[in-house]
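Here's a quick briefing to skim before you load the coordinates. It goes through confidence first and then a handful of residues.

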Amino acid sequence: MSGYIGEFISLLFLAVALGLDAFSICLGLGMQRLRLKRIAIIGMVIGAFHIVMPSIGIFLGKVISGQIGHWTELAGGVLLFVIGAQMFFSAFSHEKQRVIQPIGAGLLLLAFSVSMDSFSVGLSLGISGVKTALALGLFGLISMLISWAGMLLGRKVRGVLGIYSEILGGSILIGFGIRLIFG
C-alpha cells in the first residue's frame with residue numbers, strides 16, 4: 001500500500017512539474033483578458049493533450065523497454081534529467097516568443113507545444129514501467145487545473161511568476177531524473 005501511495009505522490013509532483021510549463025504560457029494568455037468560456041475551453045484542450053501525448057510516449061516507451069532490458073530505468077532517468085534541464089535553462093532565454101491566439105488551429109498548436117514535454121516524460125515512464133491510467137489521469141487533470149489557474153491569475157497579475165514556474169518545473173523534472181538514475 002505504501003508503494004502505491006509513494007508512486008501516486010511521485011506522479012502527482014511530476015504532473016505538477018509538467019503543468020507548470022502550461023501555467024507559464026497560460027499566465028501570459030490570461031493577461032489578454034480572455035473570457036471565462038474561452039479559459040475553460042483552453043484548459044480542457046491542454047488537459048486532453050497532456051493525456052494524449054504522454055500516452056503515445058508511454059506506449060513507445062514500453063515497446064522500447066522490451067527491447068533494451070535493464071538499461072530502461074537509466075534511460076528514463078537521463079531523459080527526465082535532460083527535459084528538466086532544457087526547461088530550467090529555457091526560462092533564462094531572453095528571446096520573446098510570439099503569442100499564439102488560442103482559437104481553432106492556434107489553440108491546437110498551443111496545446112501541442114505545451115504538451116511536448118509530456119510526450120518525452122511519457123516515453124521515459126513507459127520505459128520505467130508506471131501505472132499508465134493513473135499517470136495519464138493525473139497529467140490531464142493537473143495540467144487542466146494549472147492552466148485554468150494560470151489564465152485566471154494572469155487576469156489579475158501582470159507577468160511576475162512566469163520565469164519562476166519554468167525554473168521550478170525544470171528543477172522537479174531534474175530531481176526525478178536523478179532519482180531514477182541513482183535510484
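What follows is a short tour of the model, grouped by topic.

Keep in mind that this is a predicted model. The chain comes out at an average pLDDT of 78, and 79% of the residues score at least 70.

**Confidence along the chain**
- Helix α5 (residues 132-156) has the highest confidence in the chain, at a mean of 89.
- At the other end sits helix α6 (residues 162-182), where confidence is lowest, with a mean of 72.

**Helix α1**
- S10 belongs to helix α1, which spans residues 2-30.
- S10 has a relative accessible area of 19%, so it counts as buried, since the cut-off for buried is under 20%.
- Leaving out residues up to four places away in sequence, S10 touches F176 and R179.
- L12 is in helix α1 too, but with a relative accessible area of 30% L12 is partly exposed.
- Y4, I5, F8, I9, L12 and F13 together make a nonpolar surface patch of about 520 Å².

**Helix α3**
- Q86 is part of helix α3, covering residues 72-90.
- Q86 reaches 51% relative accessibility and therefore counts as exposed, because exposed means over 50%.
- Along the chain, Q86 and I174 are 88 residues apart, while their C-alpha atoms are separated by 9.6 Å.

How values were computed: Residues numbered from 1 in each chain as written. Predicted model: local features only at pLDDT ≥ 70, side-chain atom pairs only at ≥ 80, totals over all residues. Heavy atoms only, no water. Helix = DSSP H or I, 4+ residues; strand = E, 2+ residues; numbered from the N terminus. Buried < 20%, exposed > 50% of the residue type's maximum accessible area, 1.4 Å probe, protein only. Contact = heavy atoms within 4.5 Å. Patch = residues over 30% accessible without salt bridge, like charges linked within 9 Å, V, L, I, M, F, W, Y side chains within 5 Å. Areas by Shrake-Rupley, 256 points an atom, 1.4 Å probe, with all protein chains shown as cover. Salt bridge = Lys/Arg side-chain N within 4 Å of Asp/Glu carboxyl O. pLDDT = per-residue confidence, 0-100.
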